Amino acid sequence: MPRTSPKSQPTWTDLKAQLAGFDRKGLMGLIQDLYAASKDNRTFLHTRFGLGEDPLKPYKETIDRWLWPDVIRNQNTSVIKAKEAVSSYKKAVGDPAGLAELMVFYCEQAAGFCRDLGYADESYFKALVIMFENALALADKLPDATRAVLIARLDRVRRASHEFGYGVGDDLDDILANSVSRHG
């Protein structure tokens, strides 16, 4: 395989040129190697091709792990890793209903952890507010029945958030009120 100059980073164009020389067997072998290389690759491919009973399960498990860690085992939270799960799903398939479900689940997990353990971290709260707003915006674009269920779940998050401080409850009140005023 030709090497790229150490001065430049390879691009998609460079890779595409290399892939153009592969036959079907070569491409299948490459995909098999990628599949075997990491759990994230397997999850991506399973999601992309709709394999498995619940394509959201691995993403929800990641969100749950990083937003509601086992404090007895001294696990930490990571908003970044939880948000990466949402982003990974979006890249894999991007189904709006599935994406909205993950975003609402994110909000539920974050709010539940804060409520049940008294967790109070300003950056964690900011991420919750942003995800709440994004989840609501996406839910607003879904069919009425789906939207109603998601908004009801977000409303429970909003109500719970009044226990947190930092103005989280007020922020979520404003976001939900603005959405409701746009829809009627």
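Trainee: How many salt bridges does a search of the whole structure find?
Mentor: It finds 10 salt bridges. The cut-off is a side-chain nitrogen of Lys or Arg within 4 Å of a carboxyl oxygen of Asp or Glu. Keep in mind that this is a predicted model: local features need pLDDT of at least 70, side-chain atom pairs count only at pLDDT 80 or more, and totals for chains, interfaces and linings use all residues. Residues are numbered from 1 along each chain as its sequence is written, and side-chain values use heavy atoms, with hydrogens and water left out.

Trainee: Which side chain meets Arg-153 in a salt bridge?
Mentor: Glu-101, at 2.6 Å from N to O. Arg-153 sits in helix H8 (residues 144–161) and Glu-101 in helix H6 (residues 96–117), so the pair ties together parts 52 residues apart in sequence. Helices here are DSSP runs (H or I, at least four residues), numbered from the N terminus.

Trainee: Is Arg-153 buried or exposed?
Mentor: Buried, at 13% relative accessibility. Glu-101 is buried too, with a relative accessible area of 17%. Buried means under 20% relative accessible area, exposed over 50%, partly exposed in between (1.4 Å probe, protein chains only).

Trainee: And what does Arg-158 pair with?
Mentor: Asp-173, with N and O 2.7 Å apart. Arg-158 lies in H8 and Asp-173 in helix H9 (residues 168–183), so this pair links parts 15 residues apart in sequence. Arg-158 is buried at 16%, while Asp-173 is partly exposed at 23%.

Trainee: Which residues make the contact?
Mentor: Among them are Ala-100, Glu-101 and Val-104 of H6, and Leu-150, Arg-153 and Leu-154 of H8. Contact means heavy atoms within 4.5 Å.

Trainee: New topic. How many residues has helix H7?
Mentor: H7 (residues 122–139) has 18. It reaches 25 Å from first C-alpha to last, close to the 26 Å expected. The expected span is 1.5 Å times one less than the number of residues.

Trainee: Which H7 residues are buried?
Mentor: Several, including Tyr-124, Phe-125, Leu-128, Met-131 and Phe-132.

How values were computed. Helix = DSSP H or I, 4+ residues; strand = E, 2+ residues; numbered from the N terminus.
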